[in-house]
Amino acid sequence: MEAADDVRAALLDAARTLFLKHGFAKVSSRQIAAAAHTTPAMIHYYFEDKHGLFREIVAEAIAPFARQLSGAYSQEGQPTDPATLIAVHMRTGAANQWLGSLLVNEVFAEGGELRVDFIRDVAQRLAPMLIRVFESARARGMLRADLDLKLAAVSFLSLCAFPLISRAVSGPVLGIRLEGADLDRLVDHTVKVFMQGCAA
């Protein structure tokens, strides 16, 4: 089982590296398999195809945030609040700093090769959960009654994701790093900006 896990992990690492370096469209399954020291048949076995590899790369990276969202409506414990989600989102991004570049190049860029996949497999699944977190927070008196929750979701994602996307510029220009005390300060700042702007 360990050897199988090693092959799977090697394919994910190779695909991520090659997608970032050359772009999804220019990388073949054969190249990925060669970089992982295995065969294209293993890609089909574990992931079906290149698109399956991309889906799993993203799914593994965002898993902490997705788990927090999907667990927000369990009967156990307190409902998840927006401040907690901001912290989880930003720390998840900071732990996977390559993710911003991959999404910008393959999803958000004009003609993004993987936009349809991302909308279907990630955005359409997680966005309704985020809205429900906001609905719950508003019902508990945390958010303004007149708040447009869809626009709040856009603001939430903008505040959380832009530091990751812009790190190549904000790092050298502003000296902000997505680690350690800098990350702690950025998370606290973002929570205050969002919550104070949306607070009841």
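Is Val173 buried or exposed? Val173 is exposed, its relative accessible area being 62%. The points below concern a predicted model and take up its fold, its pocket, its surface and its salt bridges in turn.

1. Overall architecture. The secondary structure of the protein chain consists of 10 helices and zero strands. Along the principal axes, the C-alpha atoms occupy a box of roughly 55 × 45 × 35 Å. Of the 200 residues in the protein chain, 40% are buried.

2. The largest pocket. This pocket holds about 650 Å³ of space. Its lining comprises 28 residues, and those nearest its centre are His89, Leu103, Phe118, Leu157 and Ala161. By class, the lining has 23 nonpolar residues, five polar residues and no charged residues.

3. Helices around the pocket. At least two lining residues come from each of α4 (50-70), α5 (82-95), α6 (98-108), α7 (115-139), α8 (149-165) and α10 (180-198). The greatest contribution is that of α8, which supplies seven residues.

4. A position in α8. Ser158 belongs to helix α8 and is partly exposed, at 40% relative accessibility. Ser158 and Ala145 are separated by 13 residues in sequence and by 22 Å in space, C-alpha to C-alpha.

5. Nonpolar surface. Val169, Val173, Leu174 and Ile176 make a nonpolar surface patch of about 390 Å². Within this group, Val173 is located in helix α9 (residues 167-174).

6. Backbone at two loop positions. His37 has a positive phi, near 60°, and is not a glycine. The residue sits in the loop between α2 (29-35) and α3 (40-47), and His37 is exposed at 75% relative accessibility. Glu48 likewise is a residue other than glycine with a positive phi, here about 80°. Glu48 is placed in the loop between α3 and α4, and its relative accessibility of 56% makes it exposed.

7. Arg55 and Asp117 form a salt bridge in which the closest N and O atoms are 3.6 Å apart. Arg55 lies in helix α4 and Asp117 in helix α7, so the pair ties together parts that are 62 residues apart in sequence. Arg55 is partly exposed, at 26% relative accessibility, whereas Asp117 is buried, at 7%. Both residues take part in a network of salt bridges that also includes Arg120 and Asp121.

8. Salt bridge between Asp146 and Arg144. In this pair the closest N and O atoms are 2.8 Å apart. Asp146 is exposed, at 58% relative accessibility, while Arg144 is partly exposed, at 28%.

Technical notes
Residues numbered from 1 in each chain as written. Predicted model: local features only at pLDDT ≥ 70, side-chain atom pairs only at ≥ 80, totals over all residues. Heavy atoms only, no water. Patch = residues over 30% accessible without salt bridge, like charges linked within 9 Å, V, L, I, M, F, W, Y side chains within 5 Å. Areas by Shrake-Rupley, 256 points an atom, 1.4 Å probe, with all protein chains shown as cover. Salt bridge = Lys/Arg side-chain N within 4 Å of Asp/Glu carboxyl O. Helix = DSSP H or I, 4+ residues; strand = E, 2+ residues; numbered from the N terminus. Buried < 20%, exposed > 50% of the residue type's maximum accessible area, 1.4 Å probe, protein only. 1 Å grid on protein atoms, 1.4 Å probe; cavity = no way out; pocket = protein on both sides within 12 Å on 5 of 7 lines; lining within 4 Å. Points joined across faces, edges and corners; volume = space filled by probe spheres on them. Nonpolar A, V, L, I, M, F, W, Y, C, P; charged D, E, K, R; others polar.
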